[in-house]
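Q: Could you show me how to read a pocket lining and the buried side of a helix, going from the general idea to the case at hand?

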Amino acid sequence: MLPGLYIALRFIHFTALMVLLGSTISCSFLAPQQFKPVLIRRLKWLWHSAVWMTALSAILLLCAQAGMMGSGWRDVINPEVWLAVLGTRFGSVWLWQILLGVITVVVLLIKPRILQPMLLILAAAQLILLAGVGHAAMREGFVGGLQRMNHAVHLLSAGWWVGGLLPLLMCMHMARKPHWRQAAIMAMMRFSRYGHLAVAAVLLSGLINSLMILGWSLPLESDYVRFLVVKVVFVAVMVIIALYNRYFLVPRFNRAPTATKQFIQLTWLEVILSVVVLLAVSIFATWEPY
């Protein structure tokens with residue numbers, strides 16, 4: 001039960017951070033200037049929820065880790081075990097994760113004029129920190145530093161891609177309104193154009209990370225490798241959907257009315273697949289590669 005809770009919290013934490021990163025990138029850089037306030041208001045529920053879930057899940061993950069490191073549920077709320085966890089490699093990273101999560105909530109409550117860029121930076125910092133725990137932290141020295149840098153790129157790119165899907169759907173909805181159609185289409189085209197970089201970075205960094213963890217000889221009898229193959233298949237399907245949307249459906253928006261509906265349906269399918277991938281990652285990240 002406790003490992004299941006840990007996996008669920010890890011899934012929530014990763015998902016919330018990626019949603020926060022993707023939505024703030026869309027609002028800060030991809031939306032035209034006059035369209036930014038509109039998109040921010042429409043996505044307010046999304047990034048507000050992501051901020052609170054990120055902070056709460058970070059704290060609860062420390063508690064769950066304490067229970068798993070200690071004697072079960074009774075140590076989930078044991079301050080002595082918390083301190084013991086904070087003395088580990090995981091704890092030294094996670095303390096900063098919690099602090100940044102709390103700072104993000106404070107920034108949200110204060111609401112400075114540059115709220116979106118600040119939330120973007122804080123979300124990116126927390127995703128980068130996540131590269132310091134798990135399998136990406138298995139090596140030491142220079143090679144270990146390279147592996148963690150590569151994994152940080154992987155997480156940021158995935159957040160940019162996956163977290164931007166819901167803002168993309170919102171822009172698609174806004175494009176139906178004559179007043180905002182041109183600005184919404186421009187935001188979508190920017191997401192599509194720069195999204196190529198995110199997808200390419202996800203694929204390349206993911207390949208490098210897998211090779212650094214497993215090497216060239218894949219132990220196919222390993223459950224970790226089987227889950228990795230499932231993840232790769234789902235990501236490949238997401239890439240195919242993204243390419244089909246961009247190069248087949250988008251040019252047909254003005255000529256074929258059904259193209260818009262199909263684009264929205266396939267983008268929702270992409271969202272569902274990304275949730276499955278994040279859930280798979282949350283599960284097999286707790287397993288040994290061999």
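Q: How do the residues of the lining of the second largest pocket divide into nonpolar, polar and charged?
A: In this predicted model, the lining of the second largest pocket divides into 16 nonpolar, 6 polar and 3 charged residues. The volume of this pocket is about 450 Å³, and of its 25 lining residues, those closest to the centre are S192, A242, R246, V250 and F263.

Q: Which elements give two or more residues to that lining?
A: They are helix 8 (165-174), helix 9 (181-214), helix 10 (223-249) and helix 11 (257-284), and helix 9 gives the most, with 10 residues.

Q: Which residues of helix 5 are buried, and what do they pack against?
A: An α-helix has 3.6 residues a turn, so residues three or four places apart point the same way. Among the buried residues of helix 5 are F90, W94, Q97, G101, T104 and L108, and the buried residues of this helix pack against helix 1, helix 3, helix 4 (79-86) and helix 6.

Q: What covers the buried residues of helix 6?
A: Helix 6 (residues 115-130) has 16 residues and reaches 23 Å between its first and last C-alpha, close to the expected 22 Å. Its buried residues include L115, L119, L122, Q126 and L130, and what covers the buried residues of helix 6 includes helix 1 (2-30), helix 2 (36-42), helix 3 (44-69), helix 5 (89-110) and helix 7 (141-163).

Notes
Residues are numbered from 1 along each chain as its sequence is written. This is a predicted model: local features need pLDDT of at least 70, side-chain atom pairs count only at pLDDT 80 or more; totals for chains, interfaces and linings use all residues. Side-chain values use heavy atoms; hydrogens and water are left out. Helices (H or I, at least four residues) and strands (E, at least two) are DSSP runs, numbered from the N terminus. The expected span of a helix is 1.5 Å times one less than its number of residues. Buried means under 20% relative accessible area, exposed over 50%, partly exposed in between (1.4 Å probe, protein chains only). Contact means heavy atoms within 4.5 Å. On a 1 Å grid over the protein atoms alone, a cavity is a set of points where a 1.4 Å probe fits but cannot get out, and a pocket is an open set with protein on both sides within 12 Å along at least five of seven lines; lining residues have an atom within 4 Å of a point. Grid points are joined across faces, edges and corners, and a volume is the space filled by probe spheres set on the points. Ala, Val, Leu, Ile, Met, Phe, Trp, Tyr, Cys and Pro count as nonpolar, Asp, Glu, Lys and Arg as charged, and the others, Gly among them, as polar.
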